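Trainee: I have just opened this one and could use a guided tour. Could you walk me through it?

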Amino acid sequence: MSDSGSHTEVISAAANYAGYEYQHYHFLWKLLKLYPGETAGFEVNDDVHTELNDDYQVLIQVKHSIQKNQDGSTVNLTTKDIDLWKTLYNWSCIITDSAQQRSMVSEQIKFLEKTDFILTSNKSYSDNNKFIALLDSFKNKDINVSNFKDEIEKLKTQGKNASVNNYIDKFISLDDEVLYLFLHQIYFELGITDIIDECKKAIETKYIPNEKVDEVFNILDSKIRENSYYTILEGNKVQITFEDFCKKYRIIFERAKSSELKETYTKDVILPDSLLEQTFVRQLLDIGYVKEENKEFIIDYTTRKINLETHLKRWEMNGEIISEDIDAFDEDNITAFKNRSYSVYRNCKDDELNIKACQLVDEIIQCKLKFRELELSTMLSNGEYFRLSDKPVIGWHRDWETMYK
């Protein structure tokens, strides 16, 4: 924009930009709230629209204001607000659109029986809005269509805005039966001041961790904009079904849900009072792999076991894994251990048992394990086998089940 632009032009451009962004994010919000079989559209049947099951549709006029009250709050939607009356005018034109074969009252009625109308805005409700008050009275059956039209007609004398008066004329010129149905289908979503926050709340309902919501929002927002741009360039309408949305963007949500596990090994752990009474230590002592005086080894091995247990508990408490993940991890490692044990002890003589047992330990502690996508360190991998032998569900000696179970 050039420096010669007037202040009015600058304000108008800013308002238009904010209004377009507000409409875009409203479309994104509706996409996030779709159910199977439903569709959301942008600038197709209305500013935004949704198609529900049974051929029912919701037309949404999106109005945004940058005007503020003295306290910084957004202005109210007033009785003679041009946003209100232009919206009602646009809907009246849609209802009676001859290009859509709705010149006849019967066709207008059929259309209304399958359509809701919502005016959504960051403008707030006002107790002084006579239109909304009249609409509520009509829906509550306090007044009829004739009374409603008479009261609306009076509004024309309370202002000199020719555009608003023209909009009012079109609105109340609808056939009484058509107007009766139309009034029952009009709704308001006002005070939606932070539409981006509404989108993020909708993302969070998809079981996305709070710390990943902003990331998902930014990626999704960018992709929706990009795809909408190319859709329009190709001469197509921006309409997205629930199924298409899932197909194109599901990976964004799935990646956020499957957060990468992180390993944080520490030597600062609380050791048990009786180190030598631990089943896995007794097993190592009995085969002669360690001796009681090798306290530093026993502490080190115990620290590895406790670290592995701590990681599993923390991941599960944080919702990064579930108990079935741990069960599957254990079962796979038990099977691998059995295979290795059978290989070591095949054709083993009785006087070789402890030698073979120590060989088995040596081979097993060289193994690097994976938990889901995370390749565990040697220390945590060792900790898993020490943990399993502490339960015990595995053992180093050939006859471990008889000796320790």
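This is a predicted model: local features need pLDDT of at least 70, side-chain atom pairs count only at pLDDT 80 or more; totals for chains, interfaces and linings use all residues.

Trainee: Let's start with the rings, then: how many aromatic pairs does the structure hold?

Mentor: There are 27 aromatic pairs in the structure, and one of them is formed by phenylalanine 27 and phenylalanine 42, a tilted pair with 5.4 Å from centre to centre and 50° between the planes.

Trainee: Which parts does that pair tie together?

Mentor: Phenylalanine 27 belongs to helix H1 (residues 7–32) and phenylalanine 42 to strand S1 (residues 39–42), so the pair joins parts that are 15 residues apart in sequence.

Trainee: And are those two phenylalanines buried or exposed?

Mentor: Phenylalanine 27 and phenylalanine 42 are both buried.

Trainee: What about tryptophan 85 and phenylalanine 131, why is that pair edge-to-face?

Mentor: The ring centres of tryptophan 85 and phenylalanine 131 are 5.4 Å apart and their planes stand at 75°, which is over 60 degrees, so the pair is edge-to-face. This pair links distant parts of the chain, with tryptophan 85 in helix H2 (residues 82–95) and phenylalanine 131 in helix H4 (residues 130–139), 46 residues apart. Tryptophan 85 has 0% relative accessibility and therefore counts as buried, and phenylalanine 131, at 0% relative accessibility, counts as buried too.

Trainee: Which residues do ring pairs link into a cluster?

Mentor: The cluster linked by ring pairs includes Trp85 and Phe131, and among its other members are Trp91, Phe111, Tyr180 and Phe188.

Trainee: Switching to helices, how do H11 and H12 cross?

Mentor: The axes of helix H11 (residues 279–286) and helix H12 (residues 295–317) come within 11 Å and cross at roughly 140°, so the two helices are oblique to each other, and their crossing is right-handed.

Trainee: Which residues meet there?

Mentor: From H11, Phe280, Val281 and Leu284 meet Ile298, Tyr301, Thr302 and Lys305 of H12, and by class this contact has five nonpolar residues, one polar and one charged.

Trainee: One last thing, where is lysine 237 found?

Mentor: Lysine 237 sits in the loop between helix H9 (213–233) and strand S6 (238–241), and with a relative accessible area of 59% lysine 237 is exposed. Apart from neighbours within four places in sequence, lysine 237 is in contact with Val44 and Thr231.

Trainee: How far is lysine 237 from tryptophan 400?

Mentor: Lysine 237 and tryptophan 400 are 70 Å apart in space, C-alpha to C-alpha, and 163 residues apart in sequence.

Conventions
Residues are numbered from 1 along each chain as its sequence is written. Side-chain values use heavy atoms; hydrogens and water are left out. Axes are lines fitted to C-alpha atoms, for helices over the stretch in contact, and angles run from 0 to 180 degrees between N-to-C directions. Helices (H or I, at least four residues) and strands (E, at least two) are DSSP runs, numbered from the N terminus. Angles under 35 degrees count as roughly parallel, over 145 as roughly antiparallel, 65 to 115 as roughly perpendicular and the rest as oblique. A crossing is left-handed if the near helix is turned anticlockwise from the far one by less than a right angle, and right-handed if clockwise. Contact means heavy atoms within 4.5 Å. Ala, Val, Leu, Ile, Met, Phe, Trp, Tyr, Cys and Pro count as nonpolar, Asp, Glu, Lys and Arg as charged, and the others, Gly among them, as polar. Rings of Phe, Tyr and Trp (its six-membered ring) pair if their centres lie within 6.5 Å; planes under 30 degrees apart count as stacked, over 60 as edge-to-face and the rest as tilted. Buried means under 20% relative accessible area, exposed over 50%, partly exposed in between (1.4 Å probe, protein chains only).
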